[in-house]
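Visitor: I am new to this structure and would like to learn how to read it. Could you show it to me and take me through a few features?

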Amino acid sequence: MNTRPADVRWMKLALSLGRRGMGRTWPNPAVGCVIVKNGRVMGRGWTQDNGRPHAETVALAQAGSQAKGATAYVTLEPCAHQGKTPPCAEAFVRAGIARVVTAMTDPDPRVTGKGHGLLRKNGVKVETGCLNKDAGQDHMGFALRTEIGRPLVTLKLASSFDGRIATASGESKWITGGQSRRYVHHLRSTHDAVMVGAGTVRADDPGLSLHDAKTTDRPVRVFCDTRLSVDPACRLGRTARVTPVWVCHGPDAPETAIKSWQNTGAKLLPCALDQNARLQITDVLKTLAQQGLTRVFCEGGGQMAASLLQAGVVDRLIGYTAGLSLGASGMASVGELGIAKLAEHPRFDLCETRQIGGDVLHIWQRSVA
């Protein structure tokens, strides 16, 4: 595609709109759409909560009759299959859209190429690939769930300068500052679920909720507990009927513990064990994907971080580094990896660094080489 500057401008707007739906649209992708005519925006939209209505539907409703002869910029190929709503590609045709510019083809086999094909068959000019890499980042979770059956995984580590998450006595509140913690809540809001290990639940009794949120039903709060040893009277158990709590556990968890957690309103998800009789993290992620999740934000602790890194399923690594050192007796941010050779350790490419309050934020992406 020979991308025009105007196309890039409008696609950037569509991408920014789509990001407003991140963490709110699963199992659907968070799509953005802008309808432009004679250099003016006639309609714009993003996929709404729980995946309906689609971004294209919202934008077309705003544009009304002005959609005729206009160009639609969409961050993902418009759907061509009949789901709970009619296909968006057909809606474009009915509205008289003259040209459609998309960032990427939909990886869903029900759609792949069919949306573009339907548009072309009906005389709509179609151009694809505008800001494809940017859209690929935004839709990575949807693509991973569709293509390999697991969600995107973001691993967050907040540690001292020497990589410790707590003192030898277990004290960890607070290593990083208030601005960093507030930004973590923003990151949580852009994911479908927040996940921690049982050790973190026992040690910190976290709520894993969003501060100052207008809604209480997201993100889903997930924790992994092989034997369901966490007391259901913890904060997650007490609030499971307000904000969803999913518990991933082993197949041999005691029936009494299963019933106790079910009584809290939590959803129980049995998962396979690995050779060490711990939850197999790849099966945990597969199970979460089967429930519809596309983006999971993992906050700890050290054993879960190690399991994710060992399995090679961390797509994004977000680190917060505070200006203090806790020494060798402090608790490491990542547990034992069991990897001897340096060349075999997982590598990430640095994407961004910036100061947040008194801390340093660094964001890394899985290396593709």
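Visitor: Is C88 buried or exposed?

Guide: C88 is buried, because its relative accessible area is 3%. Here buried means under 20% relative accessible area, exposed means over 50%, and partly exposed lies in between (1.4 Å probe, protein chains only). Before we go on, please note that this is a predicted model, in which local features need pLDDT of at least 70 and side-chain atom pairs count only at pLDDT 80 or more, while totals for chains, interfaces and linings use all residues. Residues are numbered from 1 along each chain as its sequence is written, and side-chain values use heavy atoms, with hydrogens and water left out.

Visitor: How many disulfides does the structure hold?

Guide: A disulfide is a covalent bond between the sulfur atoms of two cysteines. The cut-off used here is a pair of cysteine sulfur atoms within 2.5 Å. The structure holds zero disulfides. For C88, the closest cysteine sulfur is in C79, at 3.7 Å, which is too far for a bond. C298 is buried too, with a relative accessible area of 0%, and its sulfur is 8.0 Å from the closest cysteine sulfur, in C224, again too far for a bond.

Visitor: Now the strands, please. In what sense do β1 and β2 pair?

Guide: In a regular strand the side chains alternate between the two faces of the sheet. Helices (H or I, at least four residues) and strands (E, at least two) are DSSP runs, numbered from the N terminus, and two strands pair if DSSP finds at least two bridges between them. Strand β1 (residues 32-37) and strand β2 (residues 40-46) are antiparallel, with six bridges. One place to look is C33, whose bridge partner in β2 is G45. The two strands form a hairpin with two residues between them, and N38 in the turn has a positive phi of about 55 degrees.

Visitor: What is the order of the strands in the open sheet?

Guide: The five strands follow the order β2-β1-β3-β4-β5, with mixed pairing. β2 and β5 (125-128) stand at the edges with a single partner strand each, so one side of each has no neighbour in the sheet. Neighbouring strands are turned by 15 degrees against each other on average, direction ignored. Axes are lines fitted to C-alpha atoms, for helices over the stretch in contact, and angles run from 0 to 180 degrees between N-to-C directions. As for parallel pairing, four bridges join β4 (residues 99-102) to β5, and V101 stands opposite E127 in β5.

Visitor: Which strands does helix α1 touch?

Guide: Contact means heavy atoms within 4.5 Å. Helix α1 (residues 5-18) packs on the sheet and touches β1, β2, β3 (71-74), β4 and β5, its direction making about 145 degrees with that of β1. Helix α4 (residues 114-121) also packs on the sheet, touching β4 and β5, at about 150 degrees to the direction of β5.

Visitor: Which residues of helix α10 are buried?

Guide: An α-helix has 3.6 residues a turn, so residues three or four places apart point the same way. In α10 (residues 255-262), the buried residues are A257, I258 and W261. They cover an arc of only 105 degrees around the axis, which puts them on the same side of α10; the arc is that of the directions from the helix axis to the C-beta atoms. Their cover includes β9 (220-224) and α9 (235-238).
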